[in-house]
Every structure is written in C-alpha cells, then in structure tokens.
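Here's a model to go through by question and answer. Have a look at the fold first, then follow along.

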Amino acid sequence: MRPRFPLSSRILLLAAVNVVLLAALLAGFIHFELGMDVNQILFAPAQDRAVSVGRAVAVDLDSTPAAGRAALLARYKQNYGVEFYLFLNGGSQLAGPAITLPRDVSEELIRQPPQGRGRGFGTDEPPPPPPADPPPFRSDKDRDSKDRDGKGPARGDIQRSGIFQKSAAGLYWVGVRIPVPSETGGFPLRATVIMAAPSFYGTPLFFNLLPWFGAAGVALAICAACWLPFIRGVTKTVTQVTRATQQIAEGHFEHHLPEERSDELGQLSASINRMTSRLSGFVTGQKRFLGDIAHELCAPLARIEFGMGILEHRAPAEDRESITDVQDEVRHMSGLVAELLSFSRAGIESKNRPLLSVNIADVVSEALAREGAGDRVEMQVESGICALADQALLARCLANLVRNALRYAADSGPITVSAERSRDTVLLRVTDSGPGLPEDELDRIFTPFYRPEKSRNRESGGTGLGLAIVKSCVEACKGSVICRNRQAGGLEVEITLQAA
C-alpha cells in the first residue's frame with residue numbers, strides 16, 4: 001500500500017520550511033540591526049519607478065498648457081493603471097479628478113519639501129540667493145540637466161528625499177515632488193504629483209512581481225539541484241529495500257539488494273542480504289529435514305500398516321474393532337508423512353524443474369479426475385489457454401484447492417474452476433460459495449501448519465499443509481497466488497501464471 005505522505009515529500013517540505021525560517025531570520029536581523037523593515041526594502045525599487053514617472057510628468061507638464069494637464073494625467077493613468085493628481089505643496093489642486101485628500105496625505109503634502117529650485121508653496125516670492133561657495137561636483141547621473149529644448153525642469157529638483165508614501169482611506173498613496181511651470185512665466189512652482197492605487201502589492205508600478213517570481217524560480221532551481229539527487233537516491237534505496245523485504249516475507253529469498261552505497265543505507269542493504277542468505281539456508285534446511293524425516297518414516301509406516309492388516313485377519317472378533325482404530329491412526333500418520341514429503345519436495349526439488357507450455361484445460365481435467373470431483377465442480381476453461389508451468393506441480397496445486405473446496409463448501413453451493421488470459425498472464429480461479437474466512441486470516445492460510453479453526457480435528461480438517469503446498473507449487477512455476485472473500489459469499493483463490 002502506497003504511503004499517505006511519502007518520504008520525498010517530507011524532505012522537500014522540511015527544505016521549504018528551512019528556507020522560510022532562514023528568510024524570517026534574515027528579515028529579523030535586517031530589522032533589528034539595520035533599522036529597516038520589509039516594507040522599506042520592497043519600497044526601494046518602487047521609489048525609483050515613482051521618481052522616474054514623476055520626472056516624466058514634470059517634463060511633459062513643461063510643454064503642456066494648463067488646460068491640457070488633466071488629459072495628460074489621464075493618459076498616464078491609462079499607461080500605468082493608477083490615478084494621478086497634481087497638487088501645489090500648499091494643498092491647492094492643479095489637475096486631475098477633483099478629490100479631497102485624506103488627512104494623512106494632506107499633512108504629508110504640506111510638510112517641508114526638499115530644498116531646490118522654484119518657489120515655495122506656489123507663492124510669488126523670489127527664490128533664495130545662490131550660495132557664496134560653488135556647489136560641490138556631481139556626476140552626470142546626479143547633475144542637473146535640462147530637456148532637449150532647454151526649457152524643462154532640472155532633474156536635480158526631483159530627489160528621493162522628495163517622495164512620500166502613505167496608506168489611507170483604503171488606498172496606497174505615493175507623492176513625488178516636482179517643479180511645475182508657472183502660468184505667469186515666472187519661476188517654477190513647487191508641486192507634487194500624487195499617484196493613488198488600491199494597494200501596493202497589486203500595482204505593477206509600485207511592486208513588480210516578475211523579479212520576485214524570477215528570484216523564487218532561481219531559489220527553487222537551486223534547492224532542486226541540491227536536494228533532488230539526494231532525495232532520489234534515498235527514496236530509491238528505501239523503495240528497493242521495501243520491495244525486497246516484501247519478497248522475503250513471501251518466501252522469495254533469491255532477491256539481492258545492490259550494495260554500491262557507502263553510507264548507512266548501503267550497510268542496511270548488506271545486512272538484509274546477509275539476513276536473506278541465512279534465512280534461505282534455514283528454510284531450505286528445515287524443508288530438507290522435514291523431507292528426510294518423512295522419507296525415513298514412510299518405510300516403517302508401510303510395514304506397520306502391512307502388519308496391522310495381517311493382524312486384523314488373525315485376531316479374534318472382539319479385538320478387531322481396536323485393531324481398526326489403530327489402522328486409522330496409522331493411515332492418518334501416513335497421510336501426514338506424505339503431505340510433509342510433498343511440501344518439502346515442492347519447495348526444494350521443484351526449483352530446478354524447467355517450465356514448459358501446458359494446456360490449462362488438460363491440467364484442470366487431470367486435477368478434477370484425481371479428486372473424483374465429477375459433477376460437483378464446474379469447469380469453465382477454454383481449450384486454447386496455455387501457460388508456462390510444470391504440469392505435475394500445477395495439477396497437484398489445483399487438486400489441493402479442489403479438495404479444500406469440496407471439504408468445506410460442497411454443501412453451500414457451486415464450486416467453479418475457471419481460467420482466462422489477460423495480456424501476458426493467465427489467471428486461474430477456484431471459487432466456492434462457502435462461509436469464507438475472516439479478513440485477518442486470508443494472508444496466513446498459506447503458512448505451513450496454519451489452521452483457521454483452532455478446534456478443527458482430523459474429521460473436520462487436514463494437517464494444515466495443503467495450501468502451503470499450493471503456494472510452493474505455484475512459486476515453483478514462477479507464479480503467485482492470493483486468496484480473498486467473494487462479495488456474493490464464499491472464497492476465491494486466484495493463481496497468476498505467465499502465458500505461454
């Protein structure tokens with residue numbers, strides 16, 4: 001059964017949590033040590049874009065008459081997706097849709113603007129006299145420059161210190177101080193172009209998602225390059241170990257795990273391989289021991305049975321009943337020894353037998369005839385179905401299943417033996433209409449000497465080796481066998497073989 005939360009997902013989730021915690025730690029360090037918060041960091045690129053837009057507005061306003069300022073701001077709104085307003089620093093609106101600014105924005109607007117060229121708050125006062133000493137040298141990037149006609153505002157009048165941002169009245173406000181040409185032809189007026197958007201993060205002008213998506217993609221790519229090979233190697237080894245242990249639990253001791261890893265997982269694989277080798281030796285030795293014991297017991301049991309037959313003819317009539325009871329015990333013991341011998345041979349000798357193409361219909365007919373099933377078992381097998389198997393072992397396997405069904409479900413309804421081909425496999429099914437088995441016992445019925453009913457005796461059940469022999473025979477044919485309860489009632493045993 002597939003795990004609900006795979007190990008690879010847990011490792012990736014742990015890596016993601018690790019990245020998030022490191023980012024939070026870095027943000028905390030920047031906040032406490034450098035006196036900056038995340039909003040300031042995010043607003044820095046927005047300042048550059050807002051100042052650039054403010055400069056463009058200032059240049060366009062220089063060549064636009066007062067009557068066309070509203071249309072100019074409307075065009076900027078269409079281009080950037082935010083509302084544009086033009087105010088004097090004293091609070092008077094020059095252009096844009098009529099609006100009453102929120103109190104926080106108004107207070108920020110009339111606050112002392114940065115010193116520069118132009119008049120203060122739209123008055124007609126002359127500009128302050130130039131300083132006695134010449135200004136310090138500035139690079140071309142920072143030096144004031146006119147537009148192409150020489151009439152535009154100087155770029156040095158628009159500095160980062162002349163920008164403000166506020167969140168008020170459900171909107172995000174950004175103001176950039178710019179000089180505006182005076183209608184009387186005098187010195188430029190100090191004004192502010194205000195940009196209003198529903199939010200900071202949802203407006204491309206202020207917060208551009210593309211660089212952040214790019215950074216996130218690069219971070220994910222780096223994490224994938226660092227973690228995925230490690231995760232893939234670990235999960236691959238764990239999957240191999242899981243499959244191998246499942247096969248070992250089913251009795252397939254020939255599986256060998258690769259031991260190329262030099263870490264703890266490689267040591268685990270080596271330990272499992274050593275355990276598998278020892279288990280294979282133990283199981284094979286046990287089956288050989290059982291086979292040898294059964295073989296040695298056959299001869300004395302045969303002699304005992306022969307002697308009891310002679311004794312039965314010579315004994316007085318009053319002793320024959322006791323002799324019959326002893327004969328029944330000897331026959332039961334002979335059957336148990338025969339089952340032990342079959343079980344050991346099916347597990348040891350059958351591994352070296354070649355698999356040939358066998359006709360399933362012929363094998364089923366042979367098994368039914370061996371058990372004397374007659375009309376009590378229905379056969380539903382087409383004549384053209386063939387599988388790779390050992391015919392003797394497959395016939396013994398089917399005979400045991402039919403015998404088991406006749407013993408426990410003959411009086412409950414029909415018993416059916418069917419076969420069908422599905423792509424490269426052949427499915428053989430033996431079904432009955434009996435009481436079935438508890439779900440927790442379905443996986444254990446193929447265990448040697450296991451009997452579902454603890455009180456079963458020789459009259460109501462066998463030795464507990466019949467289904468174990470079935471499994472050994474099927475595995476010798478390179479197949480698999482499962483048992484399940486039918487929805488309509490009864491038990492179904494399904495054998496899967498490779499199609500010929």
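Q: Which helix gives the most to the nonpolar patch?
A: This is a predicted model, where local features need pLDDT of at least 70, side-chain atom pairs count only at pLDDT 80 or more, and totals for chains, interfaces and linings use all residues. Numbering starts from 1 along each chain as its sequence is written, and side-chain values use heavy atoms, with hydrogens and water left out. Leu12, Trp227, Leu228 and Phe230 make up a nonpolar surface patch with about 350 Å² of accessible area together (patch residues have over 30% relative accessible area and no salt bridge; nonpolar side chains, meaning Val, Leu, Ile, Met, Phe, Trp or Tyr, are joined within 5 Å, like charges within 9 Å; areas are Shrake-Rupley with a 1.4 Å probe, and for residues only the protein chains shown count as cover). With three residues in the patch, the top contributor is helix α5 (residues 209-249).

Q: Is Trp227 buried, partly exposed or exposed?
A: Trp227 lies in helix α5 (helices are DSSP runs of H or I with at least four residues, strands are runs of E with at least two, both numbered from the N terminus). Buried means under 20% relative accessible area, exposed over 50%, and partly exposed in between, with a 1.4 Å probe and protein chains only. Trp227 comes in at 32%, so the label is partly exposed.

Q: What is the order of the strands in the five-stranded open sheet?
A: The edge strands are β2 (93-95) and β3 (163-168), each pairing on one side only. Strand β1 (residues 83-88) pairs with β2 in the antiparallel sense over two bridges (two strands pair if DSSP finds at least two bridges between them), and Leu86 has Ala95 in β2 as its bridge partner. The pairing in the sheet is antiparallel, and the order is β2-β1-β5-β4-β3.

Q: What angle does helix α4 make with β3?
A: Two helices are worth a look here. Helix α3 (residues 69-80) lies across β1, β2 and β4 (171-180), running at about 140° to β1 (axes are lines fitted to C-alpha atoms, for helices over the stretch in contact, and angles run from 0 to 180 degrees between N-to-C directions; contact means heavy atoms within 4.5 Å). Helix α4 (residues 103-110) packs on the sheet too, touching β1, β3, β4 and β5 (189-197), and its direction relative to β3 is about 165°.

Q: How many residues of helix α10 are buried?
A: Among the buried ones are Leu467, Ile469, Lys471 and Cys473. Helix α10 (residues 466-476) is largely enclosed by the rest of the structure, because the buried count among its 11 residues is nine.

Q: How many bridges join strand β10 to β12?
A: Strand β12 (residues 491-498) has six of its eight residues buried, so it is largely enclosed by the rest of the structure. Six bridges join β11 (residues 480-485) to β12, running antiparallel, and these two form a hairpin with five residues between them, where Gly489 in the turn has a positive phi of about 105°. Strand β10 (residues 425-431) also runs antiparallel to β12, with Val426 standing opposite Leu497, and the number of bridges joining β10 to β12 is seven.

Q: Which residues are linked with Arg429 in a network of salt bridges?
A: Arg429 and Glu494 form a salt bridge with the closest N and O atoms 2.9 Å apart (a side-chain nitrogen of Lys or Arg within 4 Å of a carboxyl oxygen of Asp or Glu). That pair links distant parts of the chain, from strand β10 to strand β12, 65 residues apart. Glu494 also meets Arg484, at 2.8 Å from N to O. In the network, Arg429 is joined by Glu420, Arg484, Glu492 and Glu494.

Q: How far apart are the closest N and O atoms of Glu83 and Lys77?
A: Glu83 is buried, with a relative accessible area of 18%, while Lys77 counts as partly exposed at 38%. The two form a salt bridge, and the distance is 2.9 Å.
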